Amino acid sequence: MPTDRLRGWLVALGLALIGGALRFYRLGFPTDEGTPVFDEKHYVPQAWQMLRNFGVEDNPGYELVVHPPLAKQLIAIGEAVFGYDGFGWRFSAALAGTVCVLLVVRIARRLTRSTLFGALAGLLLLCDGVSFVQSRMGMLDIFLTVFVLAAFGALLVDRDDARARMAKVVAEGRVHDTPYGPRLGVRWWRFGAGVLIGMACAVKWSGVYWVAAFGVLCVLWDLNARRAAGVRRPWVGTAVRDLGPALWALALVPVLTYLAGWWAWFASETATDRYEVGRGIGTGGPWAFLPDALRSLWYYSSHVLSFHTELHTNKADPHPWESKPWAWPMSLRPMLYYYSGEGHGCGADDCVSATMLIGTPALWWASPAALGWSVWRAATRFDWRYAAILVGYGAGYLPWFLEIDRQMYFFYATTMAPFLVLAITLALGEILGKAGSGAERRATGLLVVSLYVGLAVANFAWMWPVMVGDSITVAHWNAEMWLPSWR
């Protein structure tokens, strides 16, 4: 790791403060005449209900609360402190988006061993429209993103820590004491990753994709560590020494954390389906040994699952802003959260005020090149950093192809944004060149990197009015709509 630890933290905190300032700017605007906009209309009132119902939502007679409670409880904190208005119901999301900036700086610094590229990654995430806009909405996806990203960062620290322990064993000459290699002891960072990924599942069920992806990734890292250390039977050693603890930390701990996220539902006397044993569920059967509360939660969850599996695109009347996953990597079909043609203050008779979820083109249009380069490096050079980023990105993207008829929206791609930024950052590191490269090579690389980062900042600045709802002229609005699919 770089030795400039203090400077590394100052850079990370400084960029996080800038990110927070941008995300909290006019946070209470827009609203729909004082009410939430788009899907905020689901989660914001439910969060408000939690404040008066001891942590659970009103849902008389219907299983229409279709996501776990954690993110709505976090939204409720902002509402409790600042009230039921735009700022209150978006406060926690803006804070989560600010933490994402901090995490990306630290993660990129660890991946590249460079404070400079940690800073560049944070700056690029600052300029990402998807992460920025979702940080300003009382919706769930930014909370899913921050927990997934934090779990990824914890696993990176665990990887370094595990290899340091293995290196110590090698240095002491104990690596061949058994053919399986040493036990690595309690790995608290991996345990923390399990808690964090469980919290992601307690935001949205799609967090389970990262449970599987990160679990496999961690075990493969352990296998490679044993092979690098010269363990005589690394495969068996991984199975014997690492697989069990990995299942505990990255399978069982997330399940327990997820269940803990339902604490208010378990404690409630009136939560939907809380007491279904003896009513919707028989008292006998093969699962009768389970506590009634868990069986009732399973019953409730089965109705939620039915909602999700039956949420298909209405081909006769599709939602105007629906999009399929093949459009997400390049932000080909963004989402319009708010639009008003009755704005004022733009210097013309006709003004437009809009908030659109749109990926900054300088970043998202570069995704084919960045991801393609990542695949190439992972496949030909076996660069674990690119492979890890592809795993994080793919877990948030590829599962959506399993049921393509499902109704989908671009905001599902929020979790992809930080991994795209990390992939671009690693590619920029290749462009800059190694520290030992010649002065001319480094100068040329620095010029290209500077031009690209400057382009991303300028592109974000240009898209700013349509992400924060500033009043602009109709001509300006048309100039912002670069593709026909953006309308």
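Predicted model: local features only at pLDDT ≥ 70, side-chain atom pairs only at ≥ 80, totals over all residues.
Two packed helices are described by the angle between their axes and the distance between the axes. For helix 1 (residues 5–24) and helix 4 (residues 86–112), the axes come within 9 Å and cross at roughly 150°. Because angles over 145 degrees count as roughly antiparallel, helix 1 is roughly antiparallel to helix 4. The crossing in which helix 1 passes helix 4 is right-handed. On the side of helix 1, the contact is made by Arg 5, Gly 8, Trp 9, Ala 12, Leu 13, Leu 15, Ala 16, Gly 19, Gly 20, Arg 23 and Phe 24, and on the side of helix 4 it is made by Phe 87, Phe 91, Ala 94, Leu 95, Gly 97, Thr 98, Val 101, Leu 102, Val 105, Arg 106 and Arg 109.

The crossing of helix 4 and helix 5 is right-handed. To this contact helix 4 contributes Cys 100, Val 101, Val 104, Val 105, Ala 108, Arg 109 and Thr 112, while helix 5 contributes Thr 115, Phe 117, Gly 118, Ala 119, Ala 121, Gly 122, Leu 125 and Leu 126. The residues of the contact of helix 4 with helix 5 divide into 10 nonpolar, 4 polar and 1 charged. Val 101, Val 105 and Arg 109 of helix 4, which are listed in the contact with helix 1, are listed in the contact with helix 5 as well.

Helix 3 (residues 70–82) has 13 residues, and the distance from its first C-alpha to its last is 19 Å, close to the 18 Å expected at 1.5 Å a residue. Within helix 3, the residues Leu 70, Ala 71, Lys 72, Gln 73, Ile 75, Ala 76, Gly 78 and Glu 79 are buried. These buried residues pack against helix 2 (40–52), helix 4, helix 7 (141–171), helix 8 (188–201) and helix 11 (263–267). The residue that follows helix 3 is Gly 83, which has a positive phi near 100°.

Helix 16 (residues 416–432) can be described in a similar manner. The 17 residues of helix 16 should span 24 Å at 1.5 Å a residue, and the 25 Å between its end C-alpha atoms agrees with this. Because 14 of the 17 residues are buried, helix 16 is largely enclosed by the rest of the structure. Gly 433 comes after helix 16 and has a positive phi, near 95°.

Leaving aside residues up to four places away in sequence, Asp 141 touches Gln 134, Lys 204, Phe 411, Tyr 412 and Thr 414. Pro 325 is found in the loop between helix 12 (292–309) and strand 1 (335–340), and its relative accessible area of 0% makes it buried. Although Pro 325 and Tyr 412 are 87 residues apart along the chain, their C-alpha atoms are separated by 8.9 Å. Gln 49, in helix 2, is buried with a relative accessible area of 16%, and beyond residues up to four places away in sequence it touches Val 56, Glu 57 and Asp 58.

Most residues other than glycine have a negative phi, and most peptide bonds are trans. Against this background, the peptide bond joining Phe 29 and Pro 30 is cis, with omega about 5°, and Pro 30 is placed in the loop between helix 1 and helix 2. Ser 331, although not a glycine, has a positive phi of about 55°; this residue lies in the loop between helix 12 and strand 1 and, at 0% relative accessibility, counts as buried. Phe 382 likewise has a positive phi of about 55° without being a glycine, and it lies in the loop between helix 14 (367–380) and helix 15 (384–397). At 67% relative accessibility, Phe 382 counts as exposed, whereas Ser 331 is buried.

How values were computed: Residues numbered from 1 in each chain as written. Heavy atoms only, no water. Axes fitted to C-alpha atoms, helices over the stretch in contact; angles between N-to-C directions. Helix = DSSP H or I, 4+ residues; strand = E, 2+ residues; numbered from the N terminus. Parallel < 35°, antiparallel > 145°, perpendicular 65-115°, else oblique. Left-handed = near helix turned anticlockwise from the far one by under 90°. Contact = heavy atoms within 4.5 Å. Expected span 1.5 Å × (residues − 1). Buried < 20%, exposed > 50% of the residue type's maximum accessible area, 1.4 Å probe, protein only. Nonpolar A, V, L, I, M, F, W, Y, C, P; charged D, E, K, R; others polar.
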